[in-house]
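Please keep the structure open while reading them.

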Amino acid sequence: MLGRYLQENTSNANTKVHLLDSDAVAIECAAKNVSTKTQYQHLADCWRPQTVGASEKKPHSYLSERKKFSMIVSNPPVHRGQPDDFRVLTKLVEGGASRLKKGGSLWIVSQEQIPVGVLLGKLKRQGVYSKVYCYKAAGGKFVCWRGIVQ
């Protein structure tokens, strides 16, 4: 649903949406919610591809740090059958900045107790992200974090 929302609410009708997930069924479901001419499906575990896409000219070039995005939006998995597993979240936050265009934003949706702010704050102090914001949902269970690169 994040992909569809972004596609419907951006100022550019030709916004390209890249859907990444480590679960092929999740990719199929997400693909049904996004326009087919501007969406790309990738089976990957964060930045590491799981398969080579048949329709890609350069296999998984979207994962390269040379590919720059205006926005990266994720609701990363943190439970994966275990109480808490922050490996994908950590890779996403640490690798996201190098894949963003100047002024680009990394958006992370998570439950309030997940330490997204700690990870973004550490990288902000190191100069990786120039600004970090937290938006709390009504009811307090979920938050949306935003890290901006300059």
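This is a predicted model: local features need pLDDT of at least 70, side-chain atom pairs count only at pLDDT 80 or more; totals for chains, interfaces and linings use all residues.

1. Two strands count as paired if DSSP finds at least two bridges between them. β6 and β7, the latter covering residues 142-148, are joined by six bridges and run antiparallel. Within β7, Val143 is the bridge partner of Lys136.

2. What is the order of the strands in the open sheet? The four strands follow one another as β4-β5-β7-β6, and their pairing is mixed. The edges are held by β4 (69-74) and β6 (131-136); each has a single partner strand, so one side of each lacks a neighbour in the sheet. On average, and ignoring direction, neighbouring strands of this sheet are turned by 15° against each other.

3. Helix α3, residues 87-96, lies across β4 and β5 (100-111), and runs at about 160° to β5. Helix α4, residues 116-125, lies across β5, β6 and β7, and its angle to β7 is about 15°.

4. For the chain as a whole, the count is four helices and seven strands. Starting at the N terminus, the elements come in the order α-β-α-β-β-β-α-β-α-β-β.

5. How much of the chain is buried? Of its 150 residues, 35% count as buried, a label that requires under 20% relative accessible area. The accessible surface comes to about 9,300 Å², and carbon and sulfur atoms make up 53% of that surface.

6. Last, the contacts along the chain. Among those with a separation of 6 or more, 55% are between residues 24 or more positions apart.

Technical notes
Residues are numbered from 1 along each chain as its sequence is written. Side-chain values use heavy atoms; hydrogens and water are left out. Helices (H or I, at least four residues) and strands (E, at least two) are DSSP runs, numbered from the N terminus. Axes are lines fitted to C-alpha atoms, for helices over the stretch in contact, and angles run from 0 to 180 degrees between N-to-C directions. Contact means heavy atoms within 4.5 Å. Buried means under 20% relative accessible area, exposed over 50%, partly exposed in between (1.4 Å probe, protein chains only). Accessible areas come from the Shrake-Rupley method with a 1.4 Å probe; for residues, only the protein chains shown count as cover.
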